[in-house]
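Subject: Structure handover

Hello,

Here is the structure we talked about. Please open it alongside these notes.

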Amino acid sequence: MELQLLWAGVRFSARNGNGEGLLSEAARTGLHLSEVTPQPGGFAARCAAWRYRKLAALARKRRVRLHIAQRTGLYFFLRPFLRRRGLWAGLLLFVPLLLWSQNFVWAVDSSSLSAGQQARAKQILREACSIAPGSFITQEKLTAGEYALLQSGEFSWASLNFQDGRLVVEAAAAKPVPDIAVGKLDGVLAKTAGTVVRTNLTGGTMLVTPGQAVEAGQPLIGTARTERDGTPIFEPAAGAVFARFDWEHVQTEPLIVSAKRLTGRQFSRRVVSFNGWDLSLPVWKQFSEETALAISRTVQPDWLGLCLPFSMAETTYYEQTEQEISYTEEQALALAKLHSLQALFAAYPDAEFVAQKEDVSTENDTLRYRVVYTIIADICAD
C-alpha cells in the first residue's frame with residue numbers, strides 16, 4: 001500500500017451523506033484507505049490515485065461529497081514534464097548528439113609532461129595536424145600527431161590515446177646524442193695568447209706545460225705519440241688548456257635613448273576555433289596595432305570546471321609610445337659593465353677572474369667604458 005502511495009496517491013476529504021456507510025462499502029470492495037481521520041461532518045483519508053474513481057462512484061450513491069486536497073507521489077511530480085513534447089524531442093536528439101560528440105576533443109590530459117613540454121606539445125599538435133580542443137579525431141590524425149611530436153626533436157617517444165572525448169598525451173624527452181668523435185684529427189690550437197696554468201688531456205699528446213707562454217694559433221694538443229719501442233700511435237686530440245691572459249672590451253652607452261613605454265591601455269582579439277572553423281569575436285579597437293606590443297596565447301574555456309570542446313586564441317595588444325629616457329652616468333656605467341660581462345662569458349663561459357682595469361669617459365652624451373679583465377680560461381679553439 002505504501003509503495004502505491006509513493007507512486008501516485010490522493011489525499012481527500014468526505015463531507016455530508018452516509019460517511020460510515022462509504023467506509024464500510026470501501027472496505028468490503030477492497031478499496032483500502034489510509035490515514036483515516038474524523039472531521040466535522042465527515043472524514044479525511046488517503047488512497048491510491050487509480051482507486052479514487054471507484055471510490056467517487058460509491059460516494060455518489062451515498063450522497064457523500066468528496067474533495068481532493070492534495071495529489072502526491074512520483075507520477076504527479078513527473079506529469080507536467082510528460083506533457084511537454086519539446087522536452088522529450090530534445091532528449092531524443094540529445095542522446096545521439098552526445099554519442100556523436102564523443103569523437104571531438106573535450107579535454108587534453110598531458111599531466112605526465114612538464115609545464116614547458118605541455119606547452120610545446122600542444123603547439124606542435126595544433127599547428128602540425130590540427131589537434132586541439134574541439135577537433136574531430138581520427139586514427140590518421142593520432143598517427144600524424146605522434147610523428148609530428150617525434151620529428152620536432154623535443155621528444156624521443158610519443159603516444160596519443162583518445163577515448164570518449166579525452167585525449168591523453170604521453171611522451172619522453174629526447175636525450176642529447178653523444179659525441180662519437182670527441183677529439184680533432186688535426187690537433188688543437190690556441191685561440192689567444194697567454195700563460196698556461198693547468199692542462200687536462202683526454203686524447204692525443206699535450207704539447208705545452210704549466211707556466212709556458214703560448215701565442216695565438218700555437219698547437220696545444222697533438223694527434224701523434226710514440227710508444228717506448230718507437231711505434232707511432234695516432235689518436236684524436238682532445239682536452240683543455242687553461243691559461244692566464246688579458247681580455248679587453250670597449251662598451252659605449254648613450255645617456256639619452258629613445259625607447260617605447262607602455263601607456264596602460266590595452267585590448268584583446270579573440271578567435272574561437274572548433275574543428276577547423278574559426279570565428280572572430282567582435283572587438284572595439286581603441287588604438288593602432290602597428291606600434292603595440294602583442295602577446296598571444298591559446299586557452300580552452302571552461303564552465304563550472306567542465307572543459308568546453310573548443311579553443312580560443314587570444315591576442316592582447318598593449319599600447320606603446322616613443323619616449324626619451326635619460327640615464328645618469330651611474331646607470332649608464334652599470335649597463336656598460338653588464339654588457340661587458342655578457343660579452344666576456346659569451347666568449348669564455350668558464351672564465352675565472354683574477355684582476356681588472358677600468359677606464360670611464362663621457363663625451364657628447366655618450367659614456368665610453370673600457371675594461372681589461374685578467375682571467376683564467378680554456379684557450380683551446382673550437
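A contact here means heavy atoms within 4.5 Å. Helices (H or I, at least four residues) and strands (E, at least two) are DSSP runs, numbered from the N terminus.

This is a predicted model: local features need pLDDT of at least 70, side-chain atom pairs count only at pLDDT 80 or more, and totals for chains, interfaces and linings use all residues. Residues are numbered from 1 along each chain as its sequence is written, and side-chain values use heavy atoms, with hydrogens and water left out.

**Domains**

Bounds come from an automatic or database domain assignment. That assignment gives domain 1 (1-78), domain 2 (104-173), domain 3 (188-255 + 327-381) and domain 4 (257-324). Between the C-alpha centres of domain 1 and domain 3 the distance is 106 Å.

**Helix pair H6 and H7**

Axes are lines fitted to C-alpha atoms, for helices over the stretch in contact, and angles run from 0 to 180 degrees between N-to-C directions. Helix H6 covers residues 115-129 and helix H7 residues 139-151. Their axes come within 9 Å and cross at roughly 125 degrees. H6 and H7 are therefore oblique to each other. (Angles under 35 degrees count as roughly parallel, over 145 as roughly antiparallel, 65 to 115 as roughly perpendicular and the rest as oblique.) The crossing is right-handed. (A crossing is left-handed if the near helix is turned anticlockwise from the far one by less than a right angle, and right-handed if clockwise.)

On the H6 side, the contact uses Ala-121, Ile-124, Leu-125, Ala-128 and Cys-129. They meet Lys-141, Ala-144, Gly-145, Ala-148 and Leu-149 of H7. By class, that contact of H6 with H7 has 8 nonpolar, 1 polar and 1 charged residues. (Ala, Val, Leu, Ile, Met, Phe, Trp, Tyr, Cys and Pro count as nonpolar, Asp, Glu, Lys and Arg as charged, and the others, Gly among them, as polar.)

**Helix pair H2 and H3**

Helix H2 (residues 19-28) packs on helix H3 (residues 52-61) at an angle of about 140 degrees. The axes are 10 Å apart. That makes H2 oblique to H3. Their crossing is right-handed. H2 contributes Leu-22, Glu-25 and Ala-26 to the contact, and H3 contributes Leu-55, Leu-58 and Ala-59. The residues of this contact of H2 with H3 are 5 nonpolar, no polar and 1 charged.

**Strands**

Two strands pair if DSSP finds at least two bridges between them. An open sheet holds 3 strands in the order S8-S12-S10, with antiparallel pairing. Strands S8 (188-189) and S10 (205-206) are at the edges, each with a single partner strand, so one side of each has no neighbour in the sheet. S8 and strand S12 (residues 219-222) pair over 2 bridges. Val-188 sits opposite Ile-221 in S12.

Strand S21 (residues 311-326) pairs with strand S16 (residues 256-274) in the antiparallel sense, over 15 bridges. There, Ser-258 stands opposite Glu-324 of S21. Strand S18 (residues 293-299) also pairs with S21 in the antiparallel sense, over 7 bridges. Ala-294 has Tyr-317 in S21 as its bridge partner.

**Backbone points to check**

Asn-16 is not a glycine, yet has a positive phi of about 65 degrees. Asn-16 lies in the loop between strand S1 (9-15) and H2. Glu-35 also has a positive phi, near 55 degrees, in a residue other than glycine. Glu-35 lies in strand S2 (residues 34-39).

Best regards
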